[in-house]
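Open the model in a viewer and keep the selection panel at hand.

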Amino acid sequence: MSGGAESEGRKTKAFDLLASVAAFARENGIALNDPSLVARFITDAERRLKAALSDPTLIHGSRTERLFEATLLSLGKFRLLKTEDVGRVHAADICRAPDFRVVLEDGEQWLVEVENVRCKEPFKQETRMSAAYLASLQSYADTVGAPLKLAIFWSLWNIWTVVSPDQFRRPRGGLRITMQEAVVANESGRLGEVTIMTRSPLRLVLGAAVDMPRSLSPEGTARFIIGCAKLFSGDIELTDVRERKLAEVLFLYGEWQADGPFAVMDDGQFAGVEFVAKPEEPSDQGFDGIGSASRIFSRFYAAQTIEGDQVIQLHGKTAPEWFAPLANWDFKNSKLPLWLFRMQPPAADP
């Protein structure tokens, strides 16, 4: 199929649904023109859908795959990102397609299998993979000539790591890796991962509208209409659009605790409230880490897809505009001072 009109039409047709119906019809010996096909398919689909929705491992795993995709789209350091494990695969050997294919900015291709890990003990996070499962992924990667990577989401810590599985293979062909080992071997810097540092505190000031009633009771209850919202790095107001947007992201989804509201007074009059975000234990070097880009985005994604301990959506919004400005940030003149750190795994032994 080619041509713009045909492509637009393709988007509106139920190709995936038709493929599912066709597979069901073939498995059950039903002709596509059989009048009972639709009702029988819906009955079967309802049963399987209810089972899927009651399977927490499937739900959390599927959400994590979508989170990985959305994170890469938001980091933006790739030339192509494609879901790899869809459609039929015909191969001479037994193999399993990993979840994604990523073409990096330098043209190298990765095949990425996504894993969601959540162990009960915070400081004993590890994951294992059977020899058969790992071999099936590796067979596919070897066949298409692209390296295999494991993208592991350590959900209790909200941390992404991307590692090469070879160094963690066990003698019998399986895999075992702890979170500490994965952090050291993390290759996610190739995908745009970066740790963001800035000066504290970050302040959000909600100013009271001066032409409307405003008051602060002796008990500390404020009554006012918000007239403006200002963001500050320390005592310096951020007015540039890019600086304000990034500061807002860091304030809302970064790792610093935000305290408040605190009353703001001006010549003895109540003028609004402020919230102050700062690290629990500030360093003496003049700047502090507020989080990695992927961890910040993961919090944003969780706010859209998680309610309590329940998954309420698999898909959330992406935010490609959040981290793109970091590529050409004016580190010398910006009122929002930044320090960026990109982690690299140790060089492989010769």
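Select Ser139 first: at 18% relative accessibility it counts as buried (under 20% relative accessible area, with exposed over 50% and partly exposed in between, using a 1.4 Å probe and protein chains only). This is a predicted model, in which local features need pLDDT of at least 70 and side-chain atom pairs count only at pLDDT 80 or more, while totals for chains, interfaces and linings use all residues. Residues are numbered from 1 along each chain as its sequence is written, and side-chain values use heavy atoms, with hydrogens and water left out.

Ser139 belongs to helix 5, residues 131–144 (helices are DSSP runs of H or I with at least four residues, strands runs of E with at least two, numbered from the N terminus). Now show Asp93, Ile94 and Cys95, which Ser139 touches when residues up to four places away in sequence are not counted (contact means heavy atoms within 4.5 Å). The side chain of Ser139 reaches the backbone oxygen of Ile94 at 3.4 Å.

Next, select Arg190, in the loop between helix 6 (179–184) and strand 8 (195–198). Arg190 counts as partly exposed because its relative accessibility is 36%. Leaving aside neighbours within four places in sequence, Arg190 is in contact with Lys77, Leu104, Asp106, Glu108 and Trp110. With Glu108, Arg190 makes a side-chain to side-chain polar contact of 2.8 Å (a pair of N or O atoms within 3.5 Å; within protein, one must be able to donate a hydrogen and the other to accept it, and residues adjacent in sequence count only if both atoms are side-chain atoms).

Move on to helix 2 (residues 15–27) and helix 3 (residues 37–53), which pack at about 95° with their axes 11 Å apart (axes are lines fitted to C-alpha atoms, for helices over the stretch in contact, and angles run from 0 to 180 degrees between N-to-C directions). The two are therefore roughly perpendicular (65 to 115 degrees; under 35 is roughly parallel, over 145 roughly antiparallel and the rest oblique). To see the contact, colour Leu17, Ser20, Val21, Phe24 and Ala25 of helix 2, and Leu37, Arg40, Phe41 and Asp44 of helix 3.

Last, select helix 4 (residues 56–75) and helix 8 (residues 293–305), whose axes come within 10 Å and cross at roughly 130°. That makes helix 4 oblique to helix 8. Residues of this contact include Arg63 and Leu67 of helix 4, and Phe297 and Tyr301 of helix 8.
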